[in-house]
Amino acid sequence: MQFDRKDLLDDTLLQLYTHLLYPRLVEEKMLVLLRQGKISKWFSGIGQEAISVGATLALQADEWMMPLHRNLGVFTARGMPLHKLFKQWQGVQDGYSKGRERSFHFGSKEHHICGMISHLGPQLAIADGVALAHKLRNESKVSLAFTGDGGTSEGDFHEALNVAAVWNLPVIFIIENNGYGLSTPVNEQYRCAQLADRAKGYGMESVVIDGNNILTVYDTVRGVRDYCLREQKPYLIECMTFRMRGHEEASGTKYVPKELFEEWSERDPIKHYEAFLMQQGVLTAAQIMDVRAAQKETIEAELKIGFESAPVNVSATAELEDVYASLFQKSILQESNDISNAALNEELGEGAPLAATGREENIRLIDAIKEGLQQSMQQHPNLILMGQDIAEYGGAFKITEGFVQQFGKARVRNTPLCESAIVGAALGLSLEGYKSVMEMQFADFVTVGFNQIVNNLAKIYYRWGQAANVVIRMPTGGGVGAGPFHSQSNEAWFVHTPGLKVVYPSTPEDAKGLLIAAINDPNPVLYFEHKALYRSVSGVVSEDYYETEIGKARHVRSGEDISIITYGAGVHWAEDYAAEHPEISIDILDLRTLLPLDYEEIKKCVQRTGKVLLLHEDTLTGGIGGEISAWISEHCFESLDAPILRCASLDTPVPFNVELEKNFLAKSRLDEMVQKLLRF
Ligand SMILES: Cc1ncc(C[n+]2csc(CCOP(=O)(O)OP(=O)(O)O)c2C)c(N)n1
């Protein structure tokens, strides 16, 4: 192995050595503890340390890194104390995730490390969002994300690299090509000669380097960092290396030819670097023994503290409290955003509270959404809009028409066609104190951004206390003759995911207030807006900047015979039905928020009539009506005078033909269900 120290001082060479050695010695100790049954699982990075350590030391300490499961060297080189890391691996209270996450699935804002989710690829686009934040603030900083060779086959790899290239983001992508993805060798993973060749397809520069040579990694990443900052572009580095142990310790290595281990053990990054340091006269063999002995001593001392952990606190209340960032955190986050965005605010000359006028106007639902978005953009200079065709074109429904002229292209961003990467980028923006609203062109397309929403956005706060300040606008619903992929009601998918909030206004007034509240909320919010209501529903709306509280239902109309609990288009179906049937006294509750539900108002609604019809446009099975019905029967049984009925759409995809669609929609069965309920 050839080492080129270039102009590096002896001290730097030594520093690289101690950082390189430490994770190896920690791992060797972990393997002993594993055999002794003192730890339960271990993903080894033995043989790959030069990549983690070289890359980390080449960056500034406040530049975000997105490591994976073999990057112990990132965590140690960023100065995380071993005792706390050990507590994390043991899953105890005082680790980095209060016992909620395993191994390396955690992050730390203090150390600028973003925790991975098991799905690997989603890490990459988060780096895009962080780099975008730096770019928007004109900061000289990069972000760096890792992937394995296996991970490069995920769509997320393609999306993240493409977005970084198209948006000219200073992101360093590092592939650790260690020959295998679990048991799958690289010849069953891809067909290009080198993975770095893919960069060309993205219009990106790349390089293939020896990942076992710490000086090569360090020097390359430093040079690439300069390039990314100077050129304001991403860069792909493929580090050739080898996984010297099994995928994880329990899974064995039978599928790996023995010769490969022999070949690569000859290329051990530490052994070679030690020989180089001796040859340079930087360290003697005796000094190397001393460094090793001192590190082993440190490890023993740290583990002693690590083993002294108190067991986890098991408290349902504490667990539930940590699923969402609280209002208290909202103000703290707001404060830190205000500080970190002070320069931006000044530049844009905005951010002062909007003056109240007290005026009202009669506008359509679509206008109310636009106004809420526009006022939020004025209120928060750190708010970024992203979506397909939302810039000059104004979005598929023209909600952001004129926004580019008003707020500029930096904040109103057209995206490539890649929902997953944009949700990931939104999370990255959030790490750096930005807010974002992403427009799904149609709610149906959320399926291709699903993983980032339900696994990353939704869980990150519970896992390691990082807020995901993101709103996803979801143009939803049928009745517009648009067929199975432009008409779905998919809100129930998200209601089942702790960590998300789901709002679904039915009136212009609520549409504006709930959107503003969603943007002010530090948690990820899915904001459903019904396309058929955009231009068909109007109402009086205050011109002022105001919030409609998330989690509060609206009592639409009082009645004595039956209660209809509904939301979205269902509110209008119920109101129209009540108007057409003055002989029936109908009570209507508009849920407005589906997660969290307003159980207090639901209870009152049940008590008012004792007969409940749950009405929604979503299909019957697994729809939110089933959940509310279960809750009512558990908590309001004594108030009921009839079984709880559900009126929902047919359990089929949404058909295109107008007559078929009418038949599909719950509205076509509303009269039948109301009459049935009245007969009890
Ligand atoms: C989406 C997804 N599919 C499958 C897995 C299971 N899995 C975990 S790690 C891994 C192999 C990853 O290989 P690679 O990206 O080369 O990284 P390495 O483990 O070699 O460092 C697989 C298949 C997963 N975690 N996520």
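Predicted model: local features only at pLDDT ≥ 70, side-chain atom pairs only at ≥ 80, totals over all residues.
Two packed helices are described by the angle between their axes and the distance between the axes. Take helix H1, residues 10-35, and helix H2, residues 49-58: their axes come within 9 Å and cross at roughly 135 degrees. That angle makes H1 oblique to H2, because angles over 145 degrees would be needed to count as roughly antiparallel. The crossing of H1 past H2 is right-handed. On the H1 side, the contact is made by Gln15, Leu16, His19, Leu20, Pro23 and Arg24. On the H2 side, Glu49, Ala50, Val53 and Leu57 take part. Sorted by class, the contact of H1 with H2 has 6 nonpolar, 2 polar and 2 charged residues. An α-helix has 3.6 residues a turn, so residues three or four places apart point the same way.

Helix H4, residues 82-90, has the buried residues Leu82, Leu85, Phe86, Lys87, Gln88 and Trp89. Among the elements that cover the buried residues of H4 are H1, helix H3 (72-77) and helix H11 (285-307). Just after H4 comes Gly91, with a positive phi of about 70 degrees.

Next come the nonpolar cores. The largest nonpolar core has 82 residues, of which Phe173, Ile453, Phe494, Ile602 and Ile632 touch the most other members. Helix H5, residues 122-136, gives this core its largest share, 9 residues. What does Ile453 contact, leaving aside its neighbours within four places in sequence? The residues in contact with Ile453 are Val423, Met440, Val446, Ala458, Ile472, Phe494, Leu500 and Leu526. There is also a second, separate core of 67 residues, which includes Leu8, Leu229, Phe276 and Ile288.

The last topic is the backbone. Most residues other than glycine have a negative phi, and most peptide bonds are trans. Finally, the peptide bond that joins Leu595 and Pro596 is cis, with omega about 0 degrees. Pro596 lies in the loop between strand E19 (593-595) and helix H24 (599-609).

Technical notes: Residues numbered from 1 in each chain as written. Heavy atoms only, no water. Axes fitted to C-alpha atoms, helices over the stretch in contact; angles between N-to-C directions. Helix = DSSP H or I, 4+ residues; strand = E, 2+ residues; numbered from the N terminus. Parallel < 35°, antiparallel > 145°, perpendicular 65-115°, else oblique. Left-handed = near helix turned anticlockwise from the far one by under 90°. Contact = heavy atoms within 4.5 Å. Nonpolar A, V, L, I, M, F, W, Y, C, P; charged D, E, K, R; others polar. Buried < 20%, exposed > 50% of the residue type's maximum accessible area, 1.4 Å probe, protein only. Core = buried A, V, L, I, M, F, W, Y, C linked by side-chain atoms within 4.5 Å.
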